[in-house]
Amino acid sequence: MFKIRKSQYRHVFCDNPKPEHCYTGIRLSTVTGDQQYIKASSKYYVVSLFGGGGPLHVGRLDRPGRFESGTSSQVEGHTGSVLDFDFNPFDDSMFASGSEDTTIKIWSIPDDWEPTDDNGRAKKGTNLTESLVDLVGHKKKVTLLRFHPTASNVLASTSADYTVKVWDVEKGEEISSFAGFGDNLIQDMVWDTKGEHYATSCKDKSVRFTDPRSGVLSGQIDRAHDGLKSVKLTYLGETGKFMTSGTSRSREVKIWDLKNLSKPLFTESIDNSSGALLPLFDQDSNILYLCGKGDGIIRPYEFEDKAPFLHKLNDGFRSTTPAKGLCLIPKRGCNIMNCETARILKVTNNDGIHPLSWTVPRKSDAFQDDIFPDCVGAVPAHNADEWAEGSKKLPSRMSLNPALAGKNGGGGKMKLKTVASVSRELKVANVRIQYLEKKLKDCGIDVEQEIMK
């Protein structure tokens with residue numbers, strides 16, 4: 001059984017959000033799959049909308065309220081339904097979307113993006129229709145997307161063509177491809193902390209570990225769980241431990257040692273519900289939030305790198321409203337001075353998006369450094385070329401102390417140099433050159449003669 005021990009997170013709690021703090025009016029896409037249905041940066045969240053061409057709603061976290069399709073700004077550009085998306089960890093305004101039309105598009109949200117106003121009412125605006133980059137290479141629908149945790153502009157994607165591809169987003173090129181899944185759909189994909197490997201689970205119940213630079217298999221768990229439900233994955237920080245969640249006779253979690261994948265170190269049965277278990281792991285505080293798709297329960301556990309590994313903190317969050325999908329926002333987006341240690345965005349079928357704030361009760365108004373250690377920052381440790389050549393670095397870290405906020409940096413807009421953006425700049429430059437040459441000619445100056453001097 002899970003044991004309870006002394007912990008600074010022991011009394012973490014989460015209440016049902018007030019209606020005025022929720023995001024409503026969203027008619028979600030009816031497309032189903034193994035995706036989370038929502039992703040978030042520290043400023044925005046994105047969900048897929050119902051409608052032709054795969055429209056997306058990108059909302060601001062600081063603007064809860066009612067979205068109105070046809071009035072509020074939305075993102076449009078695909079020709080098929082969008083299945084998954086992911087935010088760039090180093091640019092809060094940049095995200096990727098993968099669609100049934102087999103393409104991946106990279107988007108940058110404008111600074112003046114306001115689907116809702118300060119009062120939570122729908123605000124009329126212009127739709128975003130032009131993507132920064134289009135990545136083309138998959139032969140069937142794109143199902144999952146994951147940005148690299150330490151290298152800038154590196155993205156991994158999975159598809160119904162049974163492949164995983166790793167991309168250099170800035171160059172618009174494929175770095176590697178792995179196709180060792182047979183005819184089994186991929187259910188989940190996660191990067192390790194450094195981005196040295198990625199793990200995938202698929203319908204044959206195996207978990208595969210792959211070198212992303214070469215696309216070569218480096219390890220495998222032959223049968224992680226016996227049940228038919230999706231197997232979800234998470235690396236447990238830099239501890240060398242790995243967790244899978246799935247079903248056998250009941251929903252269960254297993255912890256594995258990456259040095260010995262022959263048998264799990266720890267197995268624990270959770271309950272008999274039917275939905276997939278989604279593990280959301282906060283590697284900064286070592287808190288695991290076990291969320292059930294299709295139910296309203298979220299269970300918090302503290303992970304420790306020794307047996308029995310998982311310690312139950314309390315009864316967690318319970319609601320009668322089932323979750324369609326969930327995601328954690330980056331720690332730097334939390335309300336630190338209110339002792340908010342995590343925020344989970346919960347998508348419901350008919351009741352909008354609920355922000356679930358996890359708070360540790362403290363009487364002091366000062367910064368609580370014991371519950372807020374340095375977290376993963378928003379500055380890349382290396383670029384795509386350096387990483388592809390073999391660079392190995394841990395994620396950059398940043399302090400959550402508001403007094404040091406100006407020194408942390410990161411999270412701002414990245415200047416993405418793509419073929420399309422360079423072509424646009426060249427076109428503008430040519431127009432200016434022609435204009436200036438005409439002015440010089442009008443003044444009687446021979447440009448060719450001046451150049452030859």
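Tutor: One term before we start: a cavity is a set of grid points where a 1.4 Å probe fits but cannot get out. Also keep in mind that this is a predicted model.
Student: What's the volume of the largest cavity?
Tutor: About 1300 Å³. Its lining takes in 47 residues, and the closest to the centre are Asp86, Pro149, Phe281, Gln283 and Leu328.
Student: Which strand gives the most to that lining of the largest cavity?
Tutor: That's strand 23, residues 277–282, which puts in 5 residues.
Student: And how does the lining of the largest cavity split by class?
Tutor: You get 25 nonpolar, 10 polar and 12 charged residues there.
Student: What about the second largest cavity, how much space lies in it?
Tutor: About 80 Å³. Among the residues lining the second largest cavity are Leu28, Tyr37, Val82, Leu83, Phe85 and Lys324. Strand 7, residues 82–87, gives the most to that lining, with 3 residues. By class, the lining of the second largest cavity has 6 nonpolar, 3 polar and 1 charged.
Student: Switching topic: how much space is in the largest pocket?
Tutor: The largest pocket holds about 400 Å³. It has 16 lining residues, with His21, Glu340, Arg343, Pro355 and Ser357 nearest the centre.
Student: Which strands each supply at least two residues of the lining of the largest pocket?
Tutor: Strand 29 (340–347) and strand 30 (353–359) do. Strand 30 gives the most, with 3 residues. As for classes, the lining of the largest pocket divides into 6 nonpolar, 6 polar and 4 charged.
Student: One last thing, Ser99. Is it buried or exposed, and why?
Tutor: Ser99 is buried, because its relative accessible area is 0% and the cut-off for buried is under 20%.
Student: Where is Ser99 found?
Tutor: In strand 8, which covers residues 94–99.
Student: And what does Ser99 touch, leaving out residues up to four places away in sequence?
Tutor: Its contacts are His78, Gly80, Ser81, Val82, Leu83, Lys141 and Val142. Take His78: it's 21 residues from Ser99 in sequence, with the two C-alpha atoms 6.9 Å apart in space.
Student: Which backbone oxygens lie 3.0 Å from a polar atom of the Ser99 side chain?
Tutor: The backbone oxygen of Gly80 lies at 3.0 Å, and the backbone oxygen of Ser81 also lies at 3.0 Å.

Technical notes. Residues numbered from 1 in each chain as written. Predicted model: local features only at pLDDT ≥ 70, side-chain atom pairs only at ≥ 80, totals over all residues. Heavy atoms only, no water. 1 Å grid on protein atoms, 1.4 Å probe; cavity = no way out; pocket = protein on both sides within 12 Å on 5 of 7 lines; lining within 4 Å. Points joined across faces, edges and corners; volume = space filled by probe spheres on them. Helix = DSSP H or I, 4+ residues; strand = E, 2+ residues; numbered from the N terminus. Nonpolar A, V, L, I, M, F, W, Y, C, P; charged D, E, K, R; others polar. Buried < 20%, exposed > 50% of the residue type's maximum accessible area, 1.4 Å probe, protein only. Contact = heavy atoms within 4.5 Å. Polar contact = N/O pair within 3.5 Å; in protein donor to acceptor, adjacent residues only side chain to side chain.
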